[in-house]
Amino acid sequence: MSPTPTIGIVGAGPAGIAAALAAAERGARVTLFDTNERIGRKLLVTGNGRCNLSNTNASPAAYTCEDQALLEPLFAEHGPAWLLEKMAQWGILTHATADGWCYPLSDSAASVVSLLEAALDEAGVIFCPNTQVMGLQPQSEGFTLFTPDRNAQYAFDRVILCPGGKAYPALGSRGSLLSELARLGHTIHEVRPALAPIQVDYGIVKALLGVRLDVNLSIWRDDQQLAAEYGNMIFSRYGLNGPAAMNLSHHVTANQGANLRAVIDLLPDQSDEFENYVLSRAHTPLPLATMLLTALPPRVPPLILQLEGLDETVPMSALTPRQLRRTLRRLHNLTLPITGVGSFKQAQLSSGGVPLSEMDPATYTSQRVTHLYLAGEILDVIGPCGGYNLQFCFASGALAGESAALTA
C-alpha cells in the first residue's frame, strides 16, 4: 500500500463528491472519475434547478429499504444538521422551507456545482472527466480500474463506487457497473424507475390534464391498499405526477403485472366542513357545479357531475339527498386503472441495486469485496421527494470517504 493512501472514486454526483472531499480532508490522494465533462450533472436538474439539498425531517423512518435500522448509524453522525454544516464549510449557505425542504441561499443548482468544484480543487482532488470506468479487478493490495478498451488502467489502494442507478440516462447513469458487482459476489436487486409519474388510463378524466392540487393518493392491488401519500399532484400527459404520485411509483414497479388502481381523494383537507357547508345549502337553486368551485379548481366540478351522470347546470334543489351525498363521495374516491410508470428518462431516481445488508452500516464498505466501498443510488434505498435522496447520497458518500481514508 502507498505511504499516502490512494483512493479511486467512480461517479462525480453528490455521493462521489462527498466521498472525495471527505477522503481528501483526511489526507488521502483522491482521483474522481466521471463520464461527464463536469461534476454534478444530476445536481443541476434537482429541485427544478434550485437544488433541493436535504430535508430537516430526514431520518431512517422516511426511507424504503431492506431494513431501516441499517440506516441508523449513518444518520447518527451524518444527518441533515451535519450536511448543512458541511455545505456551509464548502461555501454553500442554505435556507429551509416551513416543511423542511432545504435549498441553497442562491436557489441555484449551478452555484452549488461551481462551489463544489472549488472545494474539490482546494482539497487537491484529481478529476478525470469524460472517463467511463467499466471494470474493476481486486488485487492483493487494492484494485485496478479499467476503461472500456482496457488500454487505460488505474491502480488504487481503495475504491469507492458512486456511479448512480439508471435514472437520467442522458446524464450518464446507466447502471454499467452493476454487472461487475454481481461478478464480484454482490446481490443485485432489479433496478426499476422510482420517483416517476404513475401512468393511468385516464378515460374521460383526461379533461383534467394540467390540473394541479393537493390530494390523498393511494395505490391498491385488488382489495389491498399498498401505500398512500398526501401531497401535491398534477394530472399530466405523462400520468399522475408531482410528489404525491412520484413518492408511490416504486410500489407500482414492485407489483408489475398486478391489477393496480389509483384512488384519489381530491378534497382531503377540511372535507367534513365542506360537506356540511354544501348540505346546508341543499335546497337552493344554485348549481352544484358552482357550489363545488368554493373548494375545487374549475375543471373538476363538471367532470365529477359527468361521472355521476348529472348535467353541469343541475341546481342543488333538483338533487335528492342520496344523489348529493354520492356526488360528494366521488370527490374522495376518483379511481383510475394503473398501467405502469414513467421510464428511466422520466424518473428522478431508480430503485434496486445492492441491498444494504451487504454493506457494513458503520463504514459503507462492502461485505463481499475487501477495500471496496459503495454509496448513493447504487444502493437499494429510496427516499421521498424533498431532498431526502440527496441527503442519503451526500451522507453515504461522506461516510464511505471517511472510512476509506482512515482504514487505508
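Predicted model: local features only at pLDDT ≥ 70, side-chain atom pairs only at ≥ 80, totals over all residues.
**View 1. The chain as a whole, with its helices and strands.** The chain has 12 helices and 21 strands; helices (H or I, at least four residues) and strands (E, at least two) are DSSP runs, numbered from the N terminus. Along the principal axes, the C-alpha atoms fill a box of roughly 85 × 40 × 35 Å. Of the 408 residues, 53% are buried, where buried means under 20% relative accessible area, exposed over 50%, and partly exposed in between, with a 1.4 Å probe and protein chains only. Contact here means heavy atoms within 4.5 Å. Among contacts between residues at least 6 apart in sequence, 72% join residues at least 24 apart.

**View 2. Ile9 and its surroundings.** Ile9 has a relative accessible area of 0%, so it counts as buried. Leaving aside neighbours within four places in sequence, Ile9 is in contact with Gly16, Ala19, Ala20, Val30, Thr31, Leu32, Phe33, Ile160 and Cys162. Ala123 is 114 residues from Ile9 in sequence, and their C-alpha atoms are 15 Å apart in space.

**View 3. Helix α1 against helix α4.** Two packed helices are described by the angle between their axes and the distance between the axes. The axes of α1 (residues 14–25) and α4 (residues 109–123) come within 10 Å and cross at roughly 30°. Axes are lines fitted to C-alpha atoms, for helices over the stretch in contact, and angles run from 0 to 180 degrees between N-to-C directions. Angles under 35 degrees count as roughly parallel, over 145 as roughly antiparallel, 65 to 115 as roughly perpendicular and the rest as oblique, and α1 and α4 are therefore roughly parallel to each other. The crossing is left-handed, meaning that the near helix is turned anticlockwise from the far one by less than a right angle, while clockwise would be right-handed. From α1 come Ile17, Ala20, Leu21 and Ala24, and from α4 come Leu116, Ala119, Leu120 and Ala123. By class, this contact has eight nonpolar, no polar and no charged residues; Ala, Val, Leu, Ile, Met, Phe, Trp, Tyr, Cys and Pro count as nonpolar, Asp, Glu, Lys and Arg as charged, and the others, Gly among them, as polar.

**View 4. Helix α1 against helix α12.** The axes of α1 and α12 (residues 388–407) come within 7 Å and cross at roughly 35°, in a right-handed crossing. On the α1 side are Pro14, Ala15, Ala18, Ala19, Ala22 and Ala23, which meet Leu390, Cys393, Phe394, Gly397, Ala398, Gly401, Glu402 and Ala405 of α12. By class, that gives 11 nonpolar, two polar and one charged residues.

View 5. The axes of α8 (residues 271–279) and α11 come within 11 Å and cross at roughly 155°, which makes α8 roughly antiparallel to α11. The crossing is right-handed. Phe274, Glu275, Val278 and Leu279 of α8 make the contact with Leu324, Arg325 and Leu328 of α11. In α10 (residues 300–307), the buried residues are Val300, Pro301, Leu303, Ile304 and Leu305, and they pack against α9 (288–292) and α11 (321–330). After α10 comes Gly309, with a positive phi near 75°.

**View 6. Cysteines and disulfides.** With a disulfide taken as a pair of cysteine sulfur atoms within 2.5 Å, the count is zero. The sulfur of Cys51 is 11 Å from the closest cysteine sulfur, in Cys102, too far for a bond. Cys65 is in no disulfide either, as the nearest cysteine sulfur, that of Cys393, is 14 Å away.

**View 7. Ser351 in strand β19.** Ser351 lies in β19 (residues 349–353) and counts as buried at 8% relative accessibility. Not counting residues up to four places away in sequence, Ser351 touches Glu190, Val191, Arg192, Pro193, Ala194, Thr253, Asp380 and Ile382.

Key
Residues numbered from 1 in each chain as written. Heavy atoms only, no water.
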